[in-house]
Amino acid sequence: MSLEDLKHAQRERILFLDQCLTWRGQANRRDLMERFNISMAQAAVDFRTYLSLTDTPPVYDAGEKAYFSTGDHCALTEAGPEQVFELVDGKATSLGASIPLPTRVMDPTVVAQLYRAMNGERDIQITYTSMTSGLSDPQWISPVQFHFDGEAIYLRAWSYNHEAYRDYLPIRIAKQIEMKTRERPAPLPFDTDWNSFVRLWICPRSGLSDAQARVVRREYGFQEKTHIAVNTRKALAFYVIRRWRLDDEKARLELDRMEELDA
């Protein structure tokens with residue numbers, strides 16, 4: 001039996017299961033039941049079907065009541081960054097693009113271990129190459145959240161070295177078959193920037209002619225307003241500014257001001 005031999009509905013479930021095991025590193029019947037609204041019996045059939053198709057079968061953990069992928073796991077299909085983000089974030093998302101984006105290769109072994117540590121509320125030791133300092137020293141972090149800027153997936157984590165929350169690109173974390181993990185020594189500090197919201201007031205760039213400014217307002221849906229407002233988490237404001245190119249002198253838009261919102 002091959003994927004092509006399956007009916008479309010079951011093939012979609014098998015592919016979802018495969019990506020869960022690839023990028024989360026774990027899966028159980030409830031993942032299928034909640035995603036596709038199927039019975040436990042059907043989910044069990046799908047698991048048996050998946051096990052017959054894969055050359056690198058996952059290992060069942062009776063205590064966790066879940067299957068876990070092994071270090072030599074080989075995915076049945078590839079997944080794009082949007083699909084990966086949906087899996088590790090746990091919420092449905094649809095972020096398309098009309099032009100090809102650069103291929104930024106992530107290792108599923110790394111992502112799966114980060115996800116497990118985050119899901120289990122554990123610290124994990126990574127070797128991360130900083131593009132600022134160039135250093136690649138081992139460090140302990142505590143993963144708390146994945147986020148996606150439309151192009152790349154980031155991991156927000158508490159850094160014990162910097163004693164602050166920082167964003168890490170999983171693609172810059174060195175691959176290890178089994179990263180060290182440990183219990184968190186203490187509850188993590190409150191992530192103020194993640195739990196705070198700001199409003200970015202955006203307007204046509206100063207220096208444009210009246211005609212150019214009118215076109216920009218029409219292009220970006222200003223209607224009759226002089227500004228448009230974008231609300232986001234304070235921790236993600238940097239990514240909005242970069243994504244909208246608000247710090248680019250040649251862009252058509254600029255950031256007029258940013259204000260904090262009440263919780």
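An open sheet of five strands is arranged in the order β7-β6-β5-β4-β8 with antiparallel pairing, where strands are DSSP runs of E of at least two residues, helices are runs of H or I of at least four residues, and both are numbered from the N terminus; two strands are taken to pair if DSSP finds at least two bridges between them. The model is a predicted one, in which local features need pLDDT of at least 70 and side-chain atom pairs count only at pLDDT 80 or more, whereas totals for chains, interfaces and linings use all residues. Residues are numbered from 1 along each chain as its sequence is written, and side-chain values use heavy atoms, with hydrogens and water left out.

In the five-stranded sheet, β7 and β8 (181-183) are the edge strands, each pairing on one side only. Neighbouring strands of this sheet are turned against each other by 45° on average, direction ignored. Strand β4 (residues 122-127) is joined to β8 by three bridges in the antiparallel sense, and Arg-122 has Glu-183 of β8 as its bridge partner.

Strand β9 (residues 197-204) runs antiparallel to β10 and is joined to it by six bridges, and Leu-200 stands opposite Val-230 in β10.

Helix packing was described by axes, which are lines fitted to C-alpha atoms over the stretch in contact, with angles running from 0 to 180 degrees between N-to-C directions. The axes of helix α1 (residues 8-24) and helix α3 (residues 40-53) come within 10 Å and cross at roughly 70°, and the two helices are therefore roughly perpendicular (65 to 115 degrees) to each other. The crossing of α1 and α3 is right-handed, a term that applies if the near helix is turned clockwise from the far one by less than a right angle. The crossing of α2 and α3 is right-handed.

The largest pocket holds about 600 Å³ of space, a pocket being an open set of points on a 1 Å grid where a 1.4 Å probe fits, with protein on both sides within 12 Å along at least five of seven lines. Of its 24 lining residues, Tyr-128, Ser-130, Thr-132, Arg-166 and Asp-167 are the closest to the centre, lining residues having an atom within 4 Å of a point. At least two residues of the lining come from each of β5 (138-148), β7 (164-168) and α7 (237-243).

Conventions:
Points joined across faces, edges and corners; volume = space filled by probe spheres on them. Parallel < 35°, antiparallel > 145°, perpendicular 65-115°, else oblique.
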